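Keep the structure in view as you read.

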Amino acid sequence: MQISKTLITFLLLSVLGACASGPKDPDIALTYNRIAAAESPYRNPVIVIPGVLGSKLKDIRTDQPVWGAFVAGAADPQTDKGLKLITAPYIYPDGSLTNWSHVVPNGALTEVKLQLLGIPLKVAAYAQLIDALGAGGFREQQIGDANGELYDDNHYTAYQFDYDWRLSNADNASKLFDFVQQVRGRVSKEYERKFGIKNADIKVDIVAHSMGGLLTRYMLRYGDQGLPKDGSAPNLDWSGSLGVERVVLIGTPNAGSPQALNELVEGKNYGWPLLPFYNQAVLGSFASLYELMPRDRHNAVIMKGGAPVGSLYDIKTWEKHQWGLMNPKMDKTFKRLFPEIDDPEELQAVVRNTLKTHLENAKRFNKALDIPAAPPERLIFNMVLGDADATDRVLEFDTEKGKFETAQTAPGDGVVPRYSALMDERADGDDTVWTPRLRSPIDFDSVVILPYEHIALTQSKVFIDNLLYWLLVEPRPSGTPLGYPIKAAP
């Protein structure tokens, strides 16, 4: 029987199609079920740190949600009360703060509650990451506390560090330092209670997404120092690394993100009028956002027409271009925020001092992170980044329109360019020192590059498989593999 060429072609294409089937997700439960089921004290507790916007905020006086729920009853910046709740304190010229300290963090944002046209919706944030730790046998504190006896007599091995992401990362790094010590002390007591191991020298692993990686890196280098009040540089002593063994950074903007600058200048619209609009007066009060701006040396901003931009960290640049808090359109919002200040010059002094302080501290914070310094050999650095999405690399400011437009894109995760995650100093454009090899002040032990956007990086099963391998399987430099006794502290 003669077989037609058409049939042969069809059969060949069918075979090739089967051979070229798309990637499959790993079976996480099957791979790690034995490790997950092992009742052993010999695994490092894990601390998960979300990025900007990744922790819920509430009014401590009323328990009213301030961030993390776009539903009826949540803080709405279009109302005077909601505006004051979500706006961070401004700074008077004498250094004192407006008295808005009653907003506090209220847990990590595992999901966002929305209400559109009266229909309740839920959008997953970090839920998959927490579920993945559970698949690896980690017992997470926030879930355990919420469900009472869920973990019976077992101690917690995973924790979420929630923080007020509006404040400086240096301040939150100090809080993280204390939190790490609390976790180490708590787990050490559990080791003695359950396993008879006294004074165990507990080490933690940290998994940090986005901006959470910046405050983690600062904490490792400087411990609880924060930014010295006298304007001097903190002492780089790696004091925060003493209780940490592994750090996994995910989509961290180590060299900043043009998107942060754009939102400081133009505000952030989440879908007005159905969802809130956060204008420049609100976002400009967040010290952390200035610490997310690109470095001047990486040439991320140009002017339409070729005029010099000026330093992003110099208040004169913001005054010249009327950016952010210097935008005259914000005057109405300032009057709503500060009805007690009748004098326009006094009000402007408060606004200007807030901006000046945030810019200067952001410059100091980034300088402290950019110092090349090899971490202690016992500390493991893993980096996970995305580079499959066109991401803003260079913004062009149009003075006539008073807004930014994308002038150049680069590989990234849609928010953080690849060069920023790597802190690739080849981006400074200095061809006299260019090299094919990465030039970065961060000494990574490994880098994993995935084709996912910013938040989806934490939800990818490929990432989760790598994460659990790092946390549970890969041998440690200390030579203490999982399942062998750990050393007691002297």
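Q: At what angle do helix 2 and helix 15 pack, and is that roughly parallel or roughly perpendicular?
A: This is a predicted model. In it, helix 2 (residues 28-37) and helix 15 (residues 461-473) have axes 11 Å apart. Their packing angle is about 15 degrees. Angles under 35 degrees count as roughly parallel, so helix 2 and helix 15 are roughly parallel to each other.

Q: Which residues of helix 2 make the contact with helix 15?
A: The crossing of the two helices is left-handed. Helix 15 brings Lys 461, Ile 464, Asp 465, Leu 468, Tyr 469, Leu 472 and Val 473. From helix 2 come Ile 28, Tyr 32 and Ile 35.

Q: How many residues of the contact of helix 2 with helix 15 are nonpolar?
A: Sort the residues of this contact by type. Two are charged and no polar ones occur. The nonpolar residues number eight.

Q: At what angle do the axes of helix 4 and helix 15 cross, and what does that make helix 4 to helix 15?
A: The axes of helix 4 (residues 127-135) and helix 15 come within 10 Å. They cross at roughly 45 degrees.

Q: Is the crossing of helix 4 and helix 15 left-handed or right-handed?
A: Find the contact to see where the helices cross. Helix 4 uses Gln 128, Leu 129, Ala 132 and Leu 133, and helix 15 uses Phe 463, Ile 464, Leu 467, Leu 468 and Leu 471. Eight of these residues are nonpolar, one is polar and none is charged. The crossing is right-handed.

Q: What is the orientation of helix 7 to helix 13?
A: Helix 7 (residues 212-222) and helix 13 (residues 344-370) have axes 10 Å apart. They pack at an angle of about 65 degrees. The range from 65 to 115 degrees counts as roughly perpendicular, so helix 7 is roughly perpendicular to helix 13.

Q: Which residues in helix 13 does helix 7 meet?
A: The crossing of helix 7 and helix 13 is left-handed. On the helix 7 side are Leu 214, Arg 217, Tyr 218, Arg 221 and Tyr 222. The partners in helix 13 are Phe 365, Ala 368 and Leu 369.

Q: How much space lies in the largest cavity?
A: The whole structure was searched for cavities of 30 Å³ or more. Three were found. The largest holds about 60 Å³.

Q: Which helix gives the largest share of the lining of the largest cavity?
A: The lining includes Arg 217, Leu 220, Arg 221, Trp 238 and Phe 381. By type, the lining residues are seven nonpolar, no polar and three charged. The largest share is three residues, and they come from helix 7.

Q: How far apart in space are Pro 228 and Arg 364, C-alpha to C-alpha?
A: Pro 228 lies in the loop between helix 7 and strand 10. Beyond its neighbours within four places in sequence, Pro 228 is in contact with Ala 233, Pro 234 and Arg 364. Pro 228 and Arg 364 are 136 residues apart in sequence. In space, C-alpha to C-alpha, the separation is 9.9 Å.

Key:
Residues are numbered from 1 along each chain as its sequence is written. This is a predicted model: local features need pLDDT of at least 70, side-chain atom pairs count only at pLDDT 80 or more; totals for chains, interfaces and linings use all residues. Side-chain values use heavy atoms; hydrogens and water are left out. Axes are lines fitted to C-alpha atoms, for helices over the stretch in contact, and angles run from 0 to 180 degrees between N-to-C directions. Helices (H or I, at least four residues) and strands (E, at least two) are DSSP runs, numbered from the N terminus. Angles under 35 degrees count as roughly parallel, over 145 as roughly antiparallel, 65 to 115 as roughly perpendicular and the rest as oblique. A crossing is left-handed if the near helix is turned anticlockwise from the far one by less than a right angle, and right-handed if clockwise. Contact means heavy atoms within 4.5 Å. On a 1 Å grid over the protein atoms alone, a cavity is a set of points where a 1.4 Å probe fits but cannot get out, and a pocket is an open set with protein on both sides within 12 Å along at least five of seven lines; lining residues have an atom within 4 Å of a point. Grid points are joined across faces, edges and corners, and a volume is the space filled by probe spheres set on the points. Ala, Val, Leu, Ile, Met, Phe, Trp, Tyr, Cys and Pro count as nonpolar, Asp, Glu, Lys and Arg as charged, and the others, Gly among them, as polar.
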